[in-house]
Amino acid sequence: MDWLHVVALAVIQGLTEFLPISSSAHLILPSQLLGWPDQGLAFDVAVHVGSLGAVLFAFRHEVWRILHAWCTQFGERGPTPESRLGWAIIIGTIPAVVVGLLIEGWIESAGRSVLVIATTTILFGVLLGVADKRGSRVKSLETLTLKTALLIGLAQAIALIPGTSRSGITMTAALMLGFTRQASARFSFLLSIPLILAAGSLKGIELVEAGGGVAWGTLIAGTLMSFIAAWLCIKLFLAALDRIGMLPFVIYRLILGVVLLVWAV
C-alpha cells in the first residue's frame, strides 16, 4: 500500500468503528469502487490496536473504576454500580462471541457481498432512526440490568453481519429499551472493548501463524492514524449527540446503502 491508502484506510477504520454507520460498508468501498489492493492481515491488526487504544484512552477513568470495582466486589466492599456494569459488559459480550464462532464461515463468504452490506446498511439505518424517535430516552447507565445487557448483547451479535454496524445496532437496542442517547452510546463504546480486543488477538494469532515480513513503518502509521481518528470520533460524537441526535447518521446510511445497491446491480 502507498501512504494515501494507509492514511485513508486507517482513518476510515478509526471513524467508522464507533460511529453508527458500519465500518464494513466503508472498508469495502476503496477496494470495490476504486480498485485499491487488500490491506492485508497485518494492517487489520494494526488499525484494531489503534481503535482499541482510543476507546481505552477515552474511557480510561471509567474502565479503571469498573475493573477495580469488579475485582474488589468479592471482598467486604460487595457489589457496586461499577461492578454491576462490569458484569453487564461481560454478559453483553457473550452472544457475539458464541454467534461469531457459529457463523464465521458464512461471514467470510456470502456475508461480505456488496448486496448484503447495502441491504443491512439501509435496513438497520431505518431501525436506528425509529429507535431514536420513539425511544423514551429516560434511563441512565445506573439502571442497566443484566437482562437489558443481554438484550443489547444479542443485538450486538447481529452486527456480525457486515453492514449492520456494531455501534449502530447496540445504540439502537439501548434506545429501544428506553436509555438516553448518552447512556446508549457510552455502553456501546464500553461494550466494544472486549470484542475489539478479541478480534485483534485472533487476527494477531493468524498473523503469527502466517509468518512473512512485516512493514513496521506502515503498521505504526496505521495504528497511530486509527488511534487519532477513533479518539476524536468518540469525543466529538459524545459532545454533539444530544444536540444532533441520530438523524444525520440515518440519512447518511440511506444514501450510502443506495449507492452500494446501485453498484451491486
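Visitor: The expected span of a helix is 1.5 Å times one less than its number of residues; what does helix α7 reach from its first C-alpha to its last?

Guide: Helix α7 (residues 146-158) reaches 19 Å over its 13 residues, close to the 18 Å expected. Helices here are DSSP runs (H or I, at least four residues), numbered from the N terminus. This is a predicted model, in which local features need pLDDT of at least 70, side-chain atom pairs count only at pLDDT 80 or more, and totals for chains, interfaces and linings use all residues. Residues are numbered from 1 along each chain as its sequence is written, and side-chain values use heavy atoms, with hydrogens and water left out.

Visitor: Which residues of α7 are buried?

Guide: T148, A149, I152, G153, A155, Q156 and A157. Buried means under 20% relative accessible area, exposed over 50%, partly exposed in between (1.4 Å probe, protein chains only).

Visitor: And how do α7 and α8 pack?

Guide: The axes of α7 and helix α8 (residues 166-176) are 8 Å apart, at an angle of about 150°. The two helices are therefore roughly antiparallel, a term for angles over 145 degrees between N-to-C directions.

Visitor: Which residues meet there?

Guide: From α7, I152, A155 and Q156 meet R166, I169, T170, A173 and A174 of α8, with contact meaning heavy atoms within 4.5 Å. I152, A155 and Q156 are also among the buried residues of α7.

Visitor: Other topic: where is G217?

Guide: G217 lies in helix α10 (residues 216-244). G217 counts as partly exposed because its relative accessibility is 43%.

Visitor: What separates G217 from V258?

Guide: Their C-alpha atoms are separated by 37 Å, and the two residues are 41 residues apart along the chain.

Key. Expected span 1.5 Å × (residues − 1). Axes fitted to C-alpha atoms, helices over the stretch in contact; angles between N-to-C directions. Parallel < 35°, antiparallel > 145°, perpendicular 65-115°, else oblique.
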